[in-house]
Amino acid sequence: MNKLEHIGIAVKDLDASEKLFSLLLNTTPYKRETVESEGVVTSFFLVGNVKIELLSATREDSAIAKFIEKRGEGIHHLAFDVDNADERMEQLRASGFEWINATPKDGADNKRIAFLHPKSTNGVLTEICQDKDA
Ligand code: ZN
C-alpha cells in the first residue's frame with residue numbers, strides 16, 4: 001500500500017455532518033459525489049494529505065444504511081492507495097485474504113476500488129483504491 005488515502009465515516013445526515021466536520025477540521029468539503037450503484041452520497045475533505053470521506057445512504061438497502069442500523073454512525077472503512085488494484089487484489093487473495101468484490105469497480109473521486117472482507121482484516125473494513133489516471 002502506498003499510503004492511507006482516506007478514512008470513510010458513515011453519517012446519517014450529510015448536511016449536518018458537513019457542517020460539523022467543517023468546524024472540526026477547519027476546512028470545507030472539496031466535493032460531493034453520488035455513487036448511485038452503491039446507494040451513497042459522499043462528501044470529501046482534505047486534511048494534510050489524507051482525505052475524510054463522509055458517506056450517507058441514498059436508499060434503505062444501501063450498505064451504509066445497513067451499517068448505521070447495526071453499528072451506528074462512525075468510522076466505516078480505511079482506504080489505502082495502490083498503484084494497481086488488480087495486482088494488489090491477486091497478491092492479497094493469494095495470501096488468504098477474502099474480498100467483498102470479485103474485481104475492482106468504479107468508486108467516488110475518480111478511483112477504482114475494492115473492499116476486503118472485514119472478517120479477514122480483524123474487523124476493519126479495508127478498501128484499496130487506484131487513481132484512474134495513474
Ligand atoms: Zn472509501
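Start by selecting strands E6 and E7: they form a hairpin with three residues between them. In that turn, click on Asp109, which has a positive phi of about 65 degrees. Keep in mind as you go that this is a predicted model.

Now look along the hairpin. E6 covers residues 105-107 and pairs with E7 in the antiparallel sense, over three bridges. For a landmark, pick Lys105 and look across to E7, where Ile113 stands opposite.

Next, colour E7 itself, residues 111-116. Is this strand enclosed or open? Five of its six residues are buried, so E7 is largely enclosed by the rest of the structure.

Move on to E8, residues 126-131. E7 and E8 run antiparallel, joined by six bridges. Select Phe115 and you'll find Glu127 of E8 opposite.

Stay on Glu127, as it takes you to the metal: its OE is one of the protein donors of the zinc ion. In sequence, the donor residues are spaced H-x46-E-x23-H-x49-E. His6 sits in strand E1 (residues 3-10) and His77 in strand E5 (residues 74-81), so this pair ties together parts that are 71 residues apart in sequence.

The four donor atoms subtend angles of 84 to 171 degrees around the zinc ion, which makes the arrangement irregular.

His6 counts as buried, at 3% relative accessibility, and His77 is buried with a relative accessible area of 2%.

Technical notes
Residues numbered from 1 in each chain as written. Predicted model: local features only at pLDDT ≥ 70, side-chain atom pairs only at ≥ 80, totals over all residues. Heavy atoms only, no water. Donors = N, O, S within 2.8 Å, 3.2 Å for Na, K, Ca; no water. Tetrahedral: all angles 85-135°; square planar, octahedral: opposite > 155°, others 65-115°. Helix = DSSP H or I, 4+ residues; strand = E, 2+ residues; numbered from the N terminus. Buried < 20%, exposed > 50% of the residue type's maximum accessible area, 1.4 Å probe, protein only. Pairing = 2+ DSSP bridges.
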